[in-house]
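This briefing covers one protein chain, shown below with its sequence. The points are grouped by topic.

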Amino acid sequence: MKKLGSKKTLPELAVEQIIGYINENGLQPGDQLPNEVDLMNKLKVGRGTIREAIKSLNSKGVVIIKRGIGTFVADQPGISDDPLGFTFETDKTKVLMDALEVRLLIEPQMIIKTIDNISAKQLKELSDLADEIESLINKNKDYTVQDIEFHTLLARVSGNRVIGKLIPIIAGAIEQAIDVTDKSLVQETIITHRLIVEAVANKDKEGASKAMARHIQDNIDILKTI
């Protein structure tokens, strides 16, 4: 295991290291983790840190604790803020491709409903987000949060409750796309976001749908080259 060392708290770092241990050692659902003493030695931290980390992993559904027996990988390990399970996927590019294909099926149609429902205030918010994303890109700064907000706003305004439930998944896919593609599509992102905003403002449903499809397809195309 790697040594702990960053601005995160020791329990947070221990959580990451334990997840790394599960992945690196190919532990499967039902497999037992090392006991507290072994984890203390591997991570070079105290018992309290290990207990906090295990408690956190248990609350997130990554492990289950069997009193008097030990700690085991959960039947369906996952993390509440990682609904697509990227944390435990070794081939993140493949999972991301699957997520983008789902987005390609949903978002070009979703935006038609968004156009029906969007208010002037929400349209300005969308345009402001596009401006902010462009500014951050031009300054070579991270724009992940704003990109997620852009797509989340479009999904929320659609008024579809199921789409609303999918927002965390959509957001997670966007975040992973930005990371995996190493921001290779920054100029295309600026262009397609502008096309989306313009089409929504003009109530151009066909144009908005095509712009959204292009935006997602660009990510799919570059993933195929990785």
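The model is predicted. The protein chain has nine helices and two strands, and 43% of its 226 residues are buried.

**Overall organisation**

- In sequence order, the elements of the protein chain follow the pattern α-α-α-β-β-α-α-α-α-α-α.
- Among contacts in the protein chain with a separation of 6 or more, 65% join residues 24 or more positions apart.

- Helix H1 covers residues 10–24 and helix H2 covers residues 36–43; their axes come within 11 Å and cross at roughly 105 degrees.
- A crossing angle from 65 to 115 degrees counts as roughly perpendicular, so H1 and H2 are roughly perpendicular to each other.
- On the H1 side this contact is made by Ala14, Gln17, Ile18 and Tyr21, and on the H2 side by Leu39, Lys42 and Leu43.
- H2 also packs with H3, at an angle of about 105 degrees and with the axes 9 Å apart.
- That angle makes H2 roughly perpendicular to H3.
- H2 contributes Glu36, Val37, Leu39, Met40 and Leu43 to the contact with H3, while H3 contributes Arg47, Ile50, Arg51 and Ile54.
- Leu39 and Leu43 of H2 take part in the contact with H1 and also in the contact with H3.

**Loop residues with positive phi**

- Lys44 is located in the loop between H2 and helix H3, the latter spanning 47–59.
- Phi of Lys44 is near 60 degrees, a positive value in a residue other than glycine.
- Lys44 has a relative accessible area of 64%, and the cut-off for exposed is over 50%, so Lys44 is exposed.
- Asn140 is placed in the loop between helix H5 (120–138) and H6.
- Asn140 is likewise a residue other than glycine with a positive phi, near 60 degrees.
- With a relative accessible area of 72%, Asn140 is exposed.

**Gln146 in H6**

- Gln146 belongs to helix H6, which runs over residues 144–157.
- Its relative accessibility is 14%, and buried means under 20%, so Gln146 counts as buried.
- Beyond its neighbours within four places in sequence, Gln146 is in contact with Leu129, Glu132, Ile133 and Leu136.
- Gln146 and Ala130 are 16 residues apart along the chain, and their C-alpha atoms are separated by 8.2 Å.

**Thr71 in S2**

- Thr71 is part of strand S2, residues 70–73.
- Thr71 has a relative accessible area of 14% and is buried.
- Apart from neighbours within four places in sequence, the residues in contact with Thr71 are Asp31, Gln32, Leu33, Ile54, Val63, Ile64 and Ile65.
- One of these, Ile54, is also among the H3 residues that make the contact with H2.

**Aromatic rings**

- The charged end of Lys66 sits over the ring of Phe72, at 4.7 Å from the ring centre.
- With pairs of Phe, Tyr and Trp rings defined by centres within 6.5 Å, the count of aromatic pairs comes to zero.

How values were computed. Residues are numbered from 1 along each chain as its sequence is written. This is a predicted model: local features need pLDDT of at least 70, side-chain atom pairs count only at pLDDT 80 or more; totals for chains, interfaces and linings use all residues. Side-chain values use heavy atoms; hydrogens and water are left out. Rings of Phe, Tyr and Trp (its six-membered ring) pair if their centres lie within 6.5 Å; planes under 30 degrees apart count as stacked, over 60 as edge-to-face and the rest as tilted. A charge sits over a ring if NZ of Lys or CZ of Arg is within 6 Å of the ring centre and within 35 degrees of the ring normal. Helices (H or I, at least four residues) and strands (E, at least two) are DSSP runs, numbered from the N terminus. Buried means under 20% relative accessible area, exposed over 50%, partly exposed in between (1.4 Å probe, protein chains only). Contact means heavy atoms within 4.5 Å. Axes are lines fitted to C-alpha atoms, for helices over the stretch in contact, and angles run from 0 to 180 degrees between N-to-C directions. Angles under 35 degrees count as roughly parallel, over 145 as roughly antiparallel, 65 to 115 as roughly perpendicular and the rest as oblique.
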